[in-house]
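Here are my notes on the charged side-chain pairs. Please read them with the structure open.

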Amino acid sequence: MNLDRSGSRIDHLNVAVPDLATAVAFYEPVLASIGISKMLEIPPNATPNQPTAMTGFGLAGVKPYFWLIDGGTVGTNMHLAFTVDTRDDVTTFYRAALDAGATSLLVPAMHPEYHDDYYGAFVLDPHGINLEAVCHRS
């Protein structure tokens, strides 16, 4: 049986970073390589409950679902994986991340310890977040 492993019930995710400008400069080209666009920039104090600047990324014309929040501390062992459609997309993400200054953790490869069709690549972003692109299709 070929399961659809692409679904998620997470609507959006905020990731606090110590330097928003550095994070956006890294994530903008990396995420664009897999079809995720910078969609929204919110300045500090735009609302009473949002004292810091935020930048949202997502699918153009849909909504931002991945937010970078300025002035925060990255948690230990933080990992974030983006689902992509093809194994070539995994390689494209990996190369874009390295070009943007990421450190390689694991080159694009099969990871059968997760499931038979799991193909992913892992990098560390400039703030130490373990990023991955994963394709769940053969």
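1. Start with Lys38 and Glu28. Their side chains form a salt bridge, at 3.5 Å from N to O. Keep in mind that this is a predicted model.

2. Where do Lys38 and Glu28 lie? Lys38 is in strand 2 (residues 37-42), and Glu28 is in helix 1 (residues 20-32). The pair therefore ties together parts that are ten residues apart in sequence.

3. Lys38 is partly exposed, at 31% relative accessibility. Glu28 is partly exposed too, with a relative accessible area of 33%. Glu41 counts as exposed because its relative accessibility is 55%, and the cut-off for exposed is over 50%.

4. Now turn to Asp11 and Lys63. Their side chains meet in a salt bridge at 2.3 Å, N to O. This pair links distant parts of the chain, 52 residues apart. Asp11 sits in the segment before strand 1 (13-16), while Lys63 belongs to strand 4 (residues 63-69).

5. Are Asp11 and Lys63 buried, partly exposed or exposed? Asp11 is partly exposed, with a relative accessible area of 45%. Lys63 is partly exposed as well, at 28%.

6. On the total: a search of the whole structure gives four salt bridges. Those described above are among them.

Notes. Residues are numbered from 1 along each chain as its sequence is written. This is a predicted model: local features need pLDDT of at least 70, side-chain atom pairs count only at pLDDT 80 or more; totals for chains, interfaces and linings use all residues. Side-chain values use heavy atoms; hydrogens and water are left out. Helices (H or I, at least four residues) and strands (E, at least two) are DSSP runs, numbered from the N terminus. Buried means under 20% relative accessible area, exposed over 50%, partly exposed in between (1.4 Å probe, protein chains only).
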